[in-house]
Amino acid sequence: MPQASDTLEQVFRAEYGRIIATLIRASGSFDLAEEALQEAFTSAASSWERDGAPRNPGAWLTTVAHRKLLDAVRRDKTRSDKQSEIEYEKSRLQPFAEPALLDDTVVEYPDDRLRLIFTCCHPSLSREAQVALTLRTLGGLTTTEIAHAFLLPEASLAQRLVRAKQKIRLARIPYEIPSLEIIGARLMAVQAVIYLIFNEGYAASAGQSLLRNDLCAEAIRLGRVLCELLPNEPENAGLLALMLLQDSRRNARVNDRGELVTLEEQDRSLWDRQEIEEGIHLVETALARGRVGNYQIQAAIAAVHAEARTADETDWRQIVALYEELKRMTSSPVVALNHAAAVAMSEGPEKGLSLIESANANGVLENYYLFYASRADLLRRLGRSAGAVEAYERALTLTTNSVEQNYIRRRLQELTL
Amino acid sequence: MKYMLLIYHDEQSWDGITEAERQQIYAEYRNLRGELESRGQFVSGSELQPVTTATTVRVRDGKEFVTDGPFAETHEQLGGYFLIEAENLDEATAIAAKIPSARTGTVEIRPLVEHAAEAAA
């Protein structure tokens with residue numbers, strides 16, 4: 001028999017989002033749902049320790065949490081006759097049997113996570129609130145964990161969550177899957193939130209890398225949930241593929257001294273083959289559906305890198321072609337910058353440099369770290385050291401990330417020796 | 001659930017358009033109101049006189065201070081409102097998006113406090 005506490009921990013991570021989503025639908029309240037689930041976990045801790053874990057732990061927890069929820073509603077009703085804020089629907093409890101019976105029956109629980117994810121990422125909430133709420137409810141991360149990961153005081157993060165939940169309740173943000181006319185835009189917001197969580201973890205400065213990696217893992221898990229819930233959306237697969245392919249390089253990106261290692265210099269034997277295989281498979285399947293999107297293209301670019309055994313073997317022509325496709329879809333100057341860098345690899349630094357300059361035609365990249373870093377890189381390759389030093393120095397003033405700063409300092413040292 | 005839709009627009013640009021354009025927009029407003037009324041979602045609504053007619057009152061230590069002008073000088077001014085009945089924020093948002101001034105100005109959506117219990121909370 002597995003250790004009850006291990007099982008509980010696993011069930012917590014795996015089932016939290018799904019159970020809370022159901023509880024929120026039944027109670028119409030994020031707070032009541034959280035309390036009920038917390039109480040259910042507490043019950044589980046003592047009961048499973050004593051009697052062993054049930055065969056269907058998720059079902060056990062859901063049922064107990066539903067009972068706790070019903071208790072809370074009854075308490076609420078008897079305490080005062082004020083009109084209850086909650087719209088508890090008793091009928092929704094009926095399919096749930098007593099926990100004792102669950103061991104021998106397979107109960108199909110409704111999956112309400114899609115409603116939950118769309119509510120958490122509702123455009124009327126700030127992006128910060130969307131991220132915090134998604135991690136708290138769908139991911140089951142504690143307020144402390146989220147605050148640490150985002151380097152925020154716990155009180156501010158808690159406040160952010162309270163305000164978001166209050167707005168959902170008072171402004172009545174619907175707990176529904178959006179209608180067909182708006183679901184496209186809403187889904188983009190959901191994808192953006194997940195990718196933002198991933199990037200927050202990926203842009204790790206060495207000191208926090210441990211906590212930050214948790215964010216990457218959580219984002220990937222959320223990406224999987226989204227693929228599972230909306231399997232016919234190729235961009236969901238594109239996003240998951242992109243995250244997996246970027247994550248596959250995690251151990252090679254920073255060396256033992258905490259220094260950033262460029263893609264070109266990375267030890268490719270450290271790349272995670274399993275993540276690469278899954279990522280490539282996902283993006284190939286997604287692209288075959290013929291509904292190309294931003295994430296799919298970015299994933300395809302990452303896949304081309306992943307397929308090259310050495311940096312020299314990189315198929316830069318294909319990467320340039322993919323960036324051209326991306327440039328047609330977005331007018332982002334950052335994409336133009338990356339396109340220029342790829343052209344530099346494929347057709348030489350001179351050509352790349354002129355494209356970089358034109359990407360910054362209106363001064364849009366004037367305060368962008370990567371603009372100066374890429375420019376400096378090409379100037380260095382062209383042997384124009386003075387210009388390279390100047391650009392590296394400018395780049396240094398534009399990043400607060402210590403890993404990036406150290407990388408630039410190292411380059412500057414090489415140039416001024 | 002009731003929502004207040006506060007309609008902000010730039011009064012100067014409103015003055016700058018032709019009479020025909022203004023009539024066109026008024027017609028759109030009347031249509032929207034009719035549509036809401038037919039669905040039982042219209043509670044009230046009106047255009048407001050320009051901010052040059054606004055008066056602000058504050059009472060401090062029992063003394064009344066009456067001044068000329070709106071609460072705050074802003075680029076866009078409160079020019080009208082709709083009070084509507086909607087199922088949820090998405091429905092309210094869909095209605096707000098149909099307000100002609102949403103194309104040039106801004107519509108702020110504010111849920112009304114509906115129960116005494118919520119007001120106290």
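Visitor: In which sense do strands β3 and β4 of chain B pair?
Guide: In this predicted model, strand β3 of chain B covers residues 55-60, and strand β4 covers residues 63-68. The two are joined over 6 bridges, and the sense of their pairing is antiparallel.

Visitor: Which residue stands opposite B:Arg58?
Guide: Look across from β3(B) to β4(B), the strand it pairs with. The residue in β4(B) that stands opposite B:Arg58 is B:Phe65.

Visitor: Which residue in the hairpin of β3(B) and β4(B) takes a positive phi?
Guide: The hairpin has 2 residues between its strands. The one with a positive phi, near 50°, is B:Asp61.

Visitor: How many residues of strand β4(B) are buried?
Guide: To count as buried, a residue needs 20 or more other C-beta atoms within 10 Å of its own. Across chain B, 16% of the 121 residues are buried. Strand β4(B) is hardly covered, and among its 6 residues the count is 0.

Visitor: What pattern does chain B follow along its sequence?
Guide: Chain B has 4 helices and 6 strands. Its C-alpha atoms fill a box of roughly 45 × 45 × 20 Å along the principal axes. Read along the sequence, the pattern is β-α-α-β-β-β-β-α-β-α.

Visitor: Let's turn to chain A. What share of its residues is buried?
Guide: Chain A has 20 helices and 0 strands. Of its 417 residues, the share that counts as buried is 41%.

Visitor: Where does helix α1 of chain A bend?
Guide: Helix α1(A) runs over residues 4-27, and a straight helix of 24 residues would span 34 Å. The end C-alpha atoms of α1(A) span only 29 Å. There is a bend of about 60°, and it lies at A:Glu15.

Visitor: Which residue follows α1(A)?
Guide: Towards its end, α1(A) has buried residues including A:Leu23, A:Ile24, A:Ala26 and A:Ser27. The residue that comes after the helix has a positive phi near 70°, and it is A:Gly28.

Visitor: Which residues touch the most other members of the largest nonpolar core?
Guide: This core holds 124 residues. Another is among the buried residues of α1(A).

Visitor: Why do the buried residues of α17(A) line one face of the helix?
Guide: In helix α17(A), residues 349-359, the buried residues are A:Pro349, A:Gly352, A:Leu353, A:Ile356 and A:Ala359. An α-helix has 3.6 residues a turn, so residues three or four places apart point the same way. Seen down the axis of α17(A), the buried residues line one face because they fall within an arc of 120°.

Visitor: Which helices do those buried residues of α17(A) pack against?
Guide: On the other side of α17(A), A:Glu350 and A:Ser358 are exposed. The buried residues pack against two helices of chain A, α16 (333-347) and α18 (369-381).

Visitor: How far apart in space are A:Ser156 and A:Ile297?
Guide: A:Ser156 lies in helix α8(A), residues 154-170. With 13 other C-beta atoms within 10 Å, A:Ser156 is partly exposed. In sequence, A:Ser156 and A:Ile297 are 141 residues apart, and in space, C-alpha to C-alpha, the distance is 37 Å.

Definitions and conventions: Residues numbered from 1 in each chain as written. Chains lettered and ligands numbered in written order. Predicted model: local features only at pLDDT ≥ 70, side-chain atom pairs only at ≥ 80, totals over all residues. Core = buried A, V, L, I, M, F, W, Y, C linked by C-beta atoms within 7 Å. Buried ≥ 20, exposed ≤ 12 C-beta atoms within 10 Å, placed from the backbone. Expected span 1.5 Å × (residues − 1). Bend = angle between axes of the 7 residues up to and from the residue. Arc of directions from axis to C-beta. Contact = placed C-beta atoms within 7 Å. Pairing = 2+ DSSP bridges.
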